[in-house]
Amino acid sequence: MNATTPLLQVENLSIELPAGLDRKYAVENLSYTLNAGEILCVVGESGSGKSMTANAIMGLLPSYLKPSSGRILLKGRDLLAMSEAELARERGRTVSMIFQEPLSALNPLMTVGDQIAEVMLVHGEGDAASREQRVLELLDYVGLPDPASLRHSYPFRLSGGQRQRVMIAMALALEPAMLIADEPTTALDVTTQAQILDLIRRIQRAKGMGVLFITHDFGVVADIADKVVVMEKGLVVEQGTADEVLNRPKHPYTRRLIAAVPHPDENATRADADGDVLLEVRGLRKTYRSGGGLFTRPRIVKAVDDVSFTLRRGETLGVVGESGSGKSTLGRCILKLTDVDGGQILYRGKDIVPLSQAAFRPLRRHLQMVFQDPFASLNPRQTIGRILTDGPVANGMPLAEAEKKARELLSLVGLDPSAYDRYPHEFSGGQRQRVGIARALALDPELLVADESVSALDVSVQAQVLDLLQDLQKKLNIAVIFITHDLRVAAEVCDKIAVMYRGAIVEFGPPGEVFNAPRHAYTQQLIAAIPGRHWNPRAAVA
Amino acid sequence: MSFFRRYAQNIGALIGLAILAVVVFVALAAPILYPGSPWQGVAEPLLPPFEDPAYPLGTDLLGRDIAAGIAYGARVSLLIGIISTAVAVVIGVAIGALAGFYGGRVDDMLMRFTEFFQTIPAFAMAVVLVAIFSPNITSITLAIAVVSWPPVARLVRGEFLSLRSREFVQAAVVVGQTGPRIMATQILPNAISPIIVTASLMVATAILTESSLSFLGLGDRNMMSWGFMIGAARTMLREAWWLSVFPGLAILITVLAINLIGEGLNDAMNPHLRGRKG
């Protein structure tokens, strides 16, 4: 390759959207350059068009979207002018791609070894024996244990991180010059994410590949990017080297995004909450049994294992853990959405574990929950007004009064009063989450359990919702249990943090202590894995 | 309304709706079009069709007007089809909802009960029930309902089972709504589309079952029905084809129309299929 020709050059690319949508172009006048041996991060919020260019490069655009102008030059040749057959030759050989959800990107009915070999087979590479040899090499190269037997596994047997490694092995099978990674770590736990990012960087360095890395997470950008492109609503608002964009952002949108990145203020000290003890959990246990027939032994998972803590009025407790750590189960136990196998949950000194659902119902109004998925947590067939009044009405409030209260709540959470008569699908994710918060507050609770309540939201919306939650908590003096996988978010909003690992709390303390002097090995690992730890977004926009 | 526009995209569904409208009109207008009883002999027996303009479809063995019989038969078919389906849907939704929502032992018991009904061939059971309770329109309707609710129960159970774990249902539990209220106001409205689609197809099956029962002589003796007309005509199949062909066509067209409507509803209501032709 000519040293002066960049690996990939996108020039004035515009992709038109079908008529009748809120904007004319999916991406407009997009230009950037990727050189061999570079990692270029494309950052943006959902709907910014960041994945669109990757799909255009791979020729994966849906049939109703056509690039209307511009060129995509791969090693100097325009991909948009190529025939489908030529494009098929380039895919996998020169450019390959890894996706966000490795489980849906892998064929569930084919062993992983066969899937990697297939990539070489369709490109007519080698014979069966040499392909087999290469499969084992690749599996070993991406750091998977025992390639010889893992080669015969089906995707469902592997963990999320292992599946992503298989995807990467597939992408590397033909030694492409360029790798496109579309949110490859978004579906993974933070420690796995750190390993995969490490792997991508290591491979990129070793092979001198160019990597186009698409992400929404500025922490990840800070970890791996050489160059950054920031996109908003289909337009590039800023591009430059990682150092320029991250530490000296110029465009107001970039500054806003960076300011919204959660970052623990490690030196902040909070006044200890001195309210009355509201909730005391003692030795809580919950075990899940699955499978197990007449002759097979059931699989037993200790989801919550001897968990104890106390929570005072006005206090925020962050429960942090990776998927499967039992953090959500703990929240569900406290709200009696699931049965408990042992221990006590004392609400105002009264044990609620032995209460029947009917006996507990009158107490429910004091313990409320904000759910994770703003799209699934609102009944699509009810108006916002109905959603907000249902709770108070079920607790005996006359409808007229509940209506008045619902309208007040809408303004409290920053929604327009006209929202009252509209349906959930008319609102964005952040607005729906506000409705979810209003629903929980409609009953004047004393305790709010927020289960991953901001993790489905874009970072700027996430910051707004977090602000709202903190504001309301101060105003109403409620206790909050904030369940999250994101240590950064927890550190920003919580008074105390409990780190959960395999059902048990392994570390408990104020955020400063947990961050600066983690005692448990797992907490140390978790903190080391936080993306962008060495970068201080606060200083960048100060 | 967008729902109607989606429905109207399916030409077959529109044709089905048009045919059904004609059948309903004929059923409602039967006493005006044919003021006398359909059992009354009005002309010479075995008059072939298209000969006498007063009796376009001919007459049967006893000189009864075939066209009048078909008009009155439409009333019986539609009445039994709709009422038996309504009863079956009520039973099926109740059992399916309880099983799906409460799960565990309740689910096991209700589903074993449902399977008990499913293992017996539906038509044989309907014959037995009608024979026991002497054939009249009430017993026929109930018998058809009793044999056709199990699929509804299974469908509703499945819908409730998956909707029960959705976050908005959990949210309703957390705000303190009671079980029956959650089932009625949160889950059922979200499960209604597949129920309507199934019900529309069950109406067609019920009409067929009623016709089959009447054909076997287990119809209501006081009501003219399409199945009875075919049953009575079977001995004359070669001599007078029109006695069985016209009621047969009536059944075919009505059932076809209802099936087309059911499919149209399915396409319009099922979000997974939305836009698959676009």
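Me: How many residues does the contact take from chain A and from chain B?
Reply: This is a predicted model. Contact here means heavy atoms within 4.5 Å. On that basis the contact takes residues from both chains: 25 from chain A and 18 from chain B.

Me: What area is buried between chain A and chain B, and which residues of chain A lose the most area to chain B?
Reply: The buried area is about 1,800 Å², with carbon and sulfur atoms giving 52% of that area. On the side of chain A, three residues together make up 27% of what that side buries. Those that lose the most area to chain B are R361(A), F371(A) and R381(A).

Me: How many salt bridges and how many residue pairs in polar contact are there between chain A and chain B?
Reply: A salt bridge needs a side-chain nitrogen of Lys or Arg within 4 Å of a carboxyl oxygen of Asp or Glu. By that rule the interface of chain A and chain B has zero salt bridges. For polar contact, counting pairs with both residues at pLDDT 80 or more, the number is 13 residue pairs.

Me: Which element gives the largest share of the side of chain A that touches chain B?
Reply: Two elements of chain A give two or more residues to this side, β16 (367-370) and α14 (384-394). The largest share is four residues, and the element that supplies them is α14(A).

Conventions
Residues are numbered from 1 along each chain as its sequence is written. Chains are lettered from A and ligands numbered from 1 in the order in which they are written. This is a predicted model: local features need pLDDT of at least 70, side-chain atom pairs count only at pLDDT 80 or more; totals for chains, interfaces and linings use all residues. Side-chain values use heavy atoms; hydrogens and water are left out. Buried area is the accessible area (1.4 Å probe) that two parts lose on being put together, summed over both. A polar contact is a pair of N or O atoms within 3.5 Å; within protein, one must be able to donate a hydrogen and the other to accept it, and residues adjacent in sequence count only if both atoms are side-chain atoms.
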